[in-house]
Amino acid sequence: MIRRLMDYFRLVLFICGVLIGIQVPAFVEQYGQRLEAHQLEAKLSLAEFQRDADRFFAGDISKLIRHYQQNNDPVFSAGGESIESIYQRYTSLTEALSRFHQHSYSPYQQIALAPQKDIQAEVWQAYNHVILLKPEAIAIGLLLGLLISILCESVLSILYLGCRRVFSPR
């Protein structure tokens with residue numbers, strides 16, 4: 001009876017691991033979509049200033065920013081800081097997007113090691129659970145299911161052996 005329950009428990013753990021693992025590529029895909037959307041939004045916000053930089057500073061937006069910041073008028077000076085902030089955001093998102101598309105594994109690496117924190121939080125907050133039947137989703141799901149099953153079974157076996165030693169008659 002206990003053996004049969006343990007078999008079912010192992011199966012449930014495996015299925016839960018598979019379902020969790022299948023969500024990973026979906027999360028990564030939604031993160032990538034939001035990263036692209038934010039980068040495009042920053043680019044559009046910067047477009048007018050880039051046109052001014054093209055017209056007056058041979059396309060060098062950093063010269064335009066310095067021109068604004070060096071102006072004695074506090075409104076213009078603050079405007080330079082705003083433009084610089086938009087430009088830094090655009091640069092940061094463009095670099096992140098470039099790293100995201102480097103290799104087939106780089107999206108997973110970026111999310112695990114160096115995500116854009118605000119975008120990651122936004123995806124977590126609005127995440128839609130989906131089941132992607134892509135090969136990588138199935139592979140990650142099976143791998144995670146196997147790892148969770150092995151880990152939990154190992155922990156339970158160690159606990160069982162420990163309890164058996166403590167409570168067994170000598």
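Is Phe100 buried or exposed? Phe100 is buried, with a relative accessible area of 8% (buried means under 20% relative accessible area, exposed over 50% and partly exposed in between, with a 1.4 Å probe and protein chains only). The model is predicted, so local features need pLDDT of at least 70 and side-chain atom pairs count only at pLDDT 80 or more, while totals for chains, interfaces and linings use all residues. Residues are numbered from 1 along each chain as its sequence is written, and side-chain values use heavy atoms, with hydrogens and water left out.

**Aromatic pairs**
- The structure holds four aromatic pairs (rings of Phe, Tyr and Trp, the last by its six-membered ring, with centres within 6.5 Å; planes under 30 degrees apart are stacked, over 60 edge-to-face, the rest tilted).
- Tyr31 and Phe100 make a tilted pair, because their ring centres are 5.9 Å apart and their planes stand at 40 degrees.
- This pair ties together parts 69 residues apart in sequence, because Tyr31 lies in helix 1 (residues 2–56) and Phe100 in helix 3 (residues 74–100).
- Tyr31 is buried, at 0% relative accessibility.
- Tyr68 and Phe76 also form a tilted pair, 5.7 Å centre to centre with 35 degrees between the planes.
- Tyr68 is buried at 18%, whereas Phe76 is partly exposed at 40%.
- Phe27, Trp124 and Tyr127 form one aromatic cluster.

**Helix 6**
- Helices are DSSP runs (H or I, at least four residues), numbered from the N terminus.
- The buried residues of helix 6 are Ala137, Gly141, Gly145 and Ser149.
- These buried residues pack against helix 1 (contact means heavy atoms within 4.5 Å).

Methods:
Helix = DSSP H or I, 4+ residues; strand = E, 2+ residues; numbered from the N terminus.
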